[in-house]
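Subject: Structure for your review

Dear colleague,

Please find below the structure that I am handing over to you. My notes on it follow directly after.

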Amino acid sequence: SIRTLSGKACGGGISLTDEQKFDSSPSERRREVSIDKVRISTGEISRITSASSRHWSITAKVFTIDVENACVVSSVLPRGCRKTELVHMKRRLSTFAPFFLMALFIAHAVAVAGTTNTPNVVLIFMDDMGYADIGPFGGDATLTPNLNQLAKDGRKFTNFYVSQAVCSASRTSLLTGCYNVRVGIQGALGPKSPIGINSDELTLGEMCQQRGYATACFGKWHLGSHEQFLPLQNGFDEYYGLPYSNDMWPFHPEVMHLPMEQRLRAWPHLPLIEGNKVINPEVTADDQKLLTRQYTDHAVSFIRRNQKKPFFLYVPHSMVHVPLFVSPEFEGKSGKGLFGDVLMEVDWSVGQIVNTLKETGVEDNTLVIFTSDNGPWLSYGQHAGSAKPLREGKGTMFDGGCRVPCIMKWPG
């Protein structure tokens with residue numbers, strides 16, 4: 001049997017008494033896992049053993065014990081002292097641990113709020129970017145100089161997995177740290193979907209707000225398009241962007257052969273939203289060309305306005321999801337087709353954000369994360385990226401679909 005194990009968090013640590021332990025039955029398969037200064041022996045069922053001391057001290061604010069048939073996970077500890085339970089999970093944390101651990105990593109950074117150097121967090125989330133689309137992961141390095149530098153200054157995560165290789169599901173896990181199936185969102189929510197992120201779920205944005213952070217989302221949301229599901233109701237002070245994918249409009253290739261009246265029955269006009277207000281009810285192709293630049297301008301403005309306080313900036317780009325659009329400044333600039341042009345503009349956007357962090361003097365105290373929601377949509381040929389050397393792409397749970405590029409940088 002596995003009983004609940006309680007630990008008291010105080011002063012950045014967790015103290016576990018040797019009387020509060022897991023019962024265990026003999027198991028032939030046992031292994032040891034080191035977590036900071038604590039060595040925990042785990043088998044079919046976990047057991048925390050004591051040596052000469054009555055207490056074990058775990059110094060990490062976030063930690064996980066992974067066992068053969070169960071997973072015991074603590075929640076993130078806020079400032080001060082509180083009781084934290086290690087809960088027996090029915091499913092083993094395995095393949096998608098990197099994606100969830102990133103959510104925990106951000107939560108850990110936020111958990112130190114109130115200290116002298118409360119960290120900022122910038123999360124740049126691409127749409128349908130393949131494993132090998134950018135220079136640090138084997139793509140054309142001439143197209144992504146800013147991402148090359150970000151990887152050089154930070155660290156590449158080459159085995160970074162998402163929970164599901166589709167838009168809404170992946171974003172649900174990103175912002176809640178939960179399996180999307182548990183939250184109840186799968187696939188990609190369409191404009192007529194009646195569901196969205198449940199108000200009972202704690203998002204990264206809400207966690208940051210609780211710690212006194214300014215929060216903003218500029219880009220594709222895709223966790224429900226009704227007002228109750230939009231960012232301002234789910235942890236973000238500011239929002240500007242599309243409520244779902246940029247191909248969910250009357251010019252979707254599946255309906256292009258139909259008269260406009262019939263198209264609109266399947267795919268209504270694409271809205272652009274600021275806050276909770278639709279500021280453009282019929283986004284056009286020309287409007288889409290400016291989205292990357294507009295998201296970037298909003299992100300830069302947000303950093304400048306909040307440089308004196310901690311902030312969480314979430315930039316979920318609409319690109320490189322089809323249909324591809326690029327601003328006039330980058331059109332034809334790459335010499336590698338439209339996809340290359342789009343990559344160059346996305347890389348420019350990363351450079352603008354990083355340079356603004358430097359100019360405002362907050363770079364050393366800012367965690368920057370760049371990753372993607374899933375792999376490339378290969379059926380679109382030259383308008384899709386590459387997952388090489390991985391198999392398949394978006395919509396499949398082969399590595400090409402759920403293993404994505406990831407770069408993190410935190411100088412301080």
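Which residue stands opposite F311 in β16? The residue in that place is A214.

Before the remaining findings, a word on the basis of these notes. This is a predicted model, in which local features need pLDDT of at least 70 and side-chain atom pairs count only at pLDDT 80 or more, while totals for chains, interfaces and linings use all residues. Residues are numbered from 1 along each chain as its sequence is written, and side-chain values use heavy atoms, with hydrogens and water left out.

Strand β16 and its partners

Helices (H or I, at least four residues) and strands (E, at least two) are DSSP runs, numbered from the N terminus. Two strands are said to pair if DSSP finds at least two bridges between them. Strand β16 runs parallel to β12, and 4 bridges join the two. Strand β9 also runs parallel to β16, with 5 bridges joining them; here V122 has L313 in β16 as its bridge partner.

A residue is called buried at under 20% relative accessible area, exposed at over 50%, and partly exposed in between (1.4 Å probe, protein chains only). In β16, 6 of the 6 residues are buried, so the strand is largely enclosed by the rest of the structure. F311, L313 and V315 point one way from β16, whereas F312, Y314 and P316 point the other way, and all are buried.

Backbone geometry

Most residues other than glycine have a negative phi, and most peptide bonds are trans. The following places depart from that pattern.

- D128, although not a glycine, has a positive phi of about 65°. D128 lies in the loop between β9 (120-126) and α2 (145-153), and is buried, with a relative accessible area of 2%.
- H222 also has a positive phi, near 65°. The loop that holds H222 runs between β12 (214-218) and β13 (238-241), and H222 is buried, with a relative accessible area of 1%.
- The peptide bond from M319 to V320 is cis, with omega near 15°. V320 is in the loop between β16 (311-316) and α9 (337-359).
- K388 and P389 are joined by a cis peptide bond, with omega about 5°. P389 is found in the loop between β17 (366-372) and α10 (399-402).

Yours sincerely
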